[in-house]
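Thanks for coming. I will go through one structure today, starting with its ligand and then moving along the strands. Please have a look at it first.

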Amino acid sequence: MNERELRLKSIAYRKTILEIIHRGGAGHTAGSLSCVDILNVLYNRIMNITPDNFDQVNRDHYIQSKGHSVEALYTVLADQGFYSRETLLKNLNQPGTNFVGHPTRKIPGMEHNTGALGHGLSVATGLALAARLNQQSYRVYTLLGDGELAEGSSWEASMTAAHYKLDNLVTIIDRNTLQITGRTEEVNALEPLADKFIAFGYAVRQVDGNDIAALVNVLESVPFEVGKPNLLLANTVKGKGVSFMEDVKAWHHKVPSDEQLAIAIAELNAAETALEVSA
Ligand SMILES: Cc1ncc(C[n+]2csc(CCOP(=O)(O)OP(=O)(O)O)c2C)c(N)n1
Ligand SMILES: [Mg+2]
């Protein structure tokens, strides 16, 4: 998929995320919008994960440690053909469904249960180490929130990943600078974040995590350094793509009203038209 197609996909994904959260009456709106460009590039350009190979071990693996942004992942998995978009639209948060507010392995294409923050990197590190031990060629990708880094287990896993020189592990931080209760730097400061990861033994790159071309570029350059785990600091905007949601704390898990949904969809339609006209 080329860059223009990927950019159109991101707009379509954003519309679906908003629609399912609106219909389902709950969800993590802004965190899904901040990371959806990353998921788009991973699933449509970088990773080797399909409904046909999902039961095989020697394919890439993706663990979404910031499980609360499951609406972005549900949307992308539907588009990959793990289930239909209609199934997702109809079921999110409905009684008796498996399409609940955090990832579970009851959903086709879902690698691991997450939602309690701080677990994904440990599991991803284990999977990456297993590839090394079993002489398999797959890579393991995991996405963490920046607020999530308050969980100490992420740093324990980082020590292990560096110790075992897991350059088949790609850890991406959705660095939107907000967590649930405010700015990360006010709640539990992270900076200097890149320096911390370098000190833990990662090869670190930074990218605009809402820029499709930049994401393709950097993710195609993995491994960043042979013998070191990869860390991508993806600078994103929480609520990206919808003017009144961007960088606003309250949209962490606020649900758009009918009117807000209409305005948001109109904005995304305008972005889509602008992209089509520029072709
Ligand atoms: C162990 C644990 N503690 C608390 C929570 C509640 N919680 C859900 S989302 C969130 C904020 C996460 O912030 P961040 O990782 O920055 O996510 P993003 O900004 O990408 O939405 C918190 C504290 C949780 N899910 N798990
Ligand atoms: Mg955050």
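Start with the shell around ligand 1: by class it has four nonpolar, 12 polar and five charged residues. Here Ala, Val, Leu, Ile, Met, Phe, Trp, Tyr, Cys and Pro count as nonpolar, Asp, Glu, Lys and Arg as charged, and the others, Gly among them, as polar. Before going on, note that this is a predicted model, in which local features need pLDDT of at least 70 and side-chain atom pairs count only at pLDDT 80 or more, while totals for chains, interfaces and linings use all residues. Residues are numbered from 1 along each chain as its sequence is written, and chains are lettered from A and ligands numbered from 1 in the order in which they are written.

Which residues come nearest to ligand 1? Of the 21 around it, they are Gly31, Gly145, Gly147, Glu148 and Gln179. A residue counts as near if its C-beta atom, placed from the backbone, lies within 6 Å of the molecule. Helix α2 and strand β4 (178–179) each supply at least two residues of that shell. Helices (H or I, at least four residues) and strands (E, at least two) are DSSP runs, numbered from the N terminus.

Now α2 itself. It covers residues 29–46, 18 residues, and reaches 25 Å from its first C-alpha to its last, close to the 26 Å expected; the expected span is 1.5 Å times one less than the number of residues. At Cys35, α2 bends by about 45°, the bend being the angle between axes fitted to the seven residues ending there and the seven starting there. Of the 18 residues in α2, 15 are buried. Buried means 20 or more other C-beta atoms within 10 Å of the residue's own, exposed means 12 or fewer, and partly exposed is in between, with C-beta atoms placed from the backbone.

Next, the strands. In a regular strand the side chains alternate between the two faces of the sheet.

Strand β1 (residues 61–64) runs parallel to β2, joined by four bridges; strands pair if DSSP finds at least two bridges between them. Tyr62 has Tyr141 as its bridge partner. β2 also pairs with β3 (residues 169–175), parallel, over six bridges, and there Leu144 is partnered by Ile173.

β3 pairs in turn with β7, again parallel and over six bridges, and β6 (residues 203–208) is joined to β7 by six parallel bridges. Leu231 in β7 is the bridge partner of Thr171 and also of Val204. Five of the six residues of β7 (residues 230–235) are buried.

There are right-handed β-α-β units to point out. One is made by β2, helix α6 (residues 153–163) and β3, and another by β6, helix α9 (residues 212–219) and β7. Right-handed means that, with the strands pointing away from the viewer, the path from the first strand over the helix to the second runs clockwise.

Last, some backbone details. A cis peptide bond joins Glu191 and Pro192, with omega about 0°, and the bond from Val222 to Pro223 is also cis. Thr177, in the loop between β3 and β4, has a positive phi of about 65° although it is not a glycine. Thr177 counts as partly exposed because it has 19 other C-beta atoms within 10 Å.
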